[in-house]
Amino acid sequence: MRKQIAAANWKMNLTASQAETLATALATGVTHLQAGQQVILGVPFPYLILVQNKIAGNQNLFLSAQNCADKLNGAYTGETSVEMLQSISIPFVIIGHSERREYYHETHSQLATKVDLALAHNIQPIFCCGEPLHIRETNTQNEFVEKQLKESLFHLSNAQMKNFIIAYEPIWAIGTGKTASSGQAQEMHAHIRQVLASQYGIETADTVSILYGGSVKAANASEIFSKPDVDGGLVGGASLVASEFISIIESLKPGA
Ligand code: PGA
């Protein structure tokens, strides 16, 4: 079995004082999770330590960076390395978000390098995949997502794939208010698990948490998370409002 995860992606939002207020509300509001559930906060780099201090003592909340460099260290102005993240005890990093792929032209092989660097520093990637609208319209989304997984993840060992976290985020549903139906989400998640099973075996595929992302909110989370292969969500806009995100957390199934 696998963990059920509510992951927030704050993206490039909030001032420091707003981040502090939100972190405090979550630290006091996210008190009892059921077995096998986990909450991860994807926080902008400048606020990682600030939020870390605010959530210290709350065993249910974990921090994630939203990106990392594809180089270990050196003369790469403006970049943030996994070594830096490890040195401040950040356990997760979002890799391959569609906004990074689209606006910063991150390639499959760069993402593979980032995944390797993160794992080598004991940081668990939350690896994002998902198709744009024109691919969905030609009904080739399965092949598209399969290629994203193969090119950036399939060099990993079986041990590295165990308990891995993948977020399926159809690009046409991100920040648009258009959610994939729970049926569409389940269909793709089952496909992803089957692709993983064909490479790593069903036992390993069953340990991978596959999160859905794209306009998840309190009103639709229970329905989407109820599907057997949907193991929670990666939440953008709705994660910026404490009450909304807490209600999404409460919609998680029990995990294991
Ligand atoms: P959204 O973003 O929930 O605002 O659609 C999700 C994401 O991009 O991770």
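Me: In which helix is the place of Gln194?
Reply: This is a predicted model, in which local features need pLDDT of at least 70, side-chain atom pairs count only at pLDDT 80 or more, and totals for chains, interfaces and linings use all residues. Residues are numbered from 1 along each chain as its sequence is written, and side-chain values use heavy atoms, with hydrogens and water left out. Helices (H or I, at least four residues) and strands (E, at least two) are DSSP runs numbered from the N terminus. On that numbering, the run of residues 182-200 that holds Gln194 is helix 9.

Me: Is Gln194 buried, exposed or partly exposed?
Reply: With a 1.4 Å probe and protein chains only, buried means under 20% relative accessible area, exposed means over 50%, and partly exposed is the range in between. The relative accessibility of Gln194 is 48%, so this residue counts as partly exposed.

Me: By what distance are the C-alpha atoms of Gln194 and Asp206 separated?
Reply: Gln194 belongs to helix 9, and Asp206 stands twelve residues away from Gln194 along the chain. Taken between their C-alpha atoms, the separation of Gln194 and Asp206 is 9.5 Å.

Me: How far apart in space are Gly201 and Ala218, C-alpha to C-alpha?
Reply: Gly201 sits in the loop between helix 9 and helix 10 (202-205), where it is partly exposed at a relative accessible area of 25%. In sequence, Gly201 and Ala218 are 17 residues apart. Between their C-alpha atoms, the distance in space is 34 Å.

Me: What is the phi of His105, a residue other than glycine?
Reply: Most residues other than glycine have a negative phi. His105, in the loop between helix 4 (98-103) and helix 5 (108-120), is exposed with a relative accessible area of 60%. Its phi is positive, with a value near 55°.

Me: Where is Asn122 found?
Reply: Asn122 is not a glycine, yet its phi is positive, at about 55°. With a relative accessible area of 67%, Asn122 is exposed. Its place is the loop between helix 5 and strand 5 (124-129).

Me: Which backbone nitrogen lies 3.5 Å from a polar atom of the side chain of Ser64?
Reply: Ser64 lies in strand 3 (residues 61-65) and is buried, with a relative accessible area of 1%. A polar contact is a pair of N or O atoms within 3.5 Å, where within protein one must be able to donate a hydrogen and the other to accept it, and residues adjacent in sequence count only if both atoms are side-chain atoms. Contact means heavy atoms within 4.5 Å, and, leaving aside neighbours within four places in sequence, Ser64 is in contact with residues including Ile40, Leu48, Phe92 and Ile126. The backbone nitrogen at 3.5 Å from the side chain of Ser64 is that of Val93.

Me: Within what arc do the buried residues of helix 12 fall, seen down its axis?
Reply: The buried residues in helix 12 (residues 242-249) are Ala242, Phe245, Ile246, Ile248 and Ile249. They line one face of the helix because, seen down the axis, they fall within a limited arc, namely that of the directions from the helix axis to the C-beta atoms. Cover for these buried residues includes strand 1 (4-9), helix 1 (16-29), strand 2 (37-42), helix 11 (218-225) and strand 8 (232-235).

Me: What is the relative accessibility of Ala221?
Reply: Ala221 is found in helix 11. Not counting residues up to four places away in sequence, it touches Val216, Ile248 and Ser251. Ala221 counts as buried, with a relative accessibility of 0%.

Me: How much of the area that the ligand exposes when taken alone does the protein bury?
Reply: Oxygen atoms of the ligand lie 3.4 Å from a polar side-chain atom of Asn9, 2.7 Å from an N or O atom in the side chain of His97 and 2.9 Å from a backbone N or O atom of Gly237. Accessible areas come from the Shrake-Rupley method with a 1.4 Å probe, and for residues only the protein chains shown count as cover. Taken alone, the ligand exposes 280 Å², and the part of this that the protein buries is 95%.
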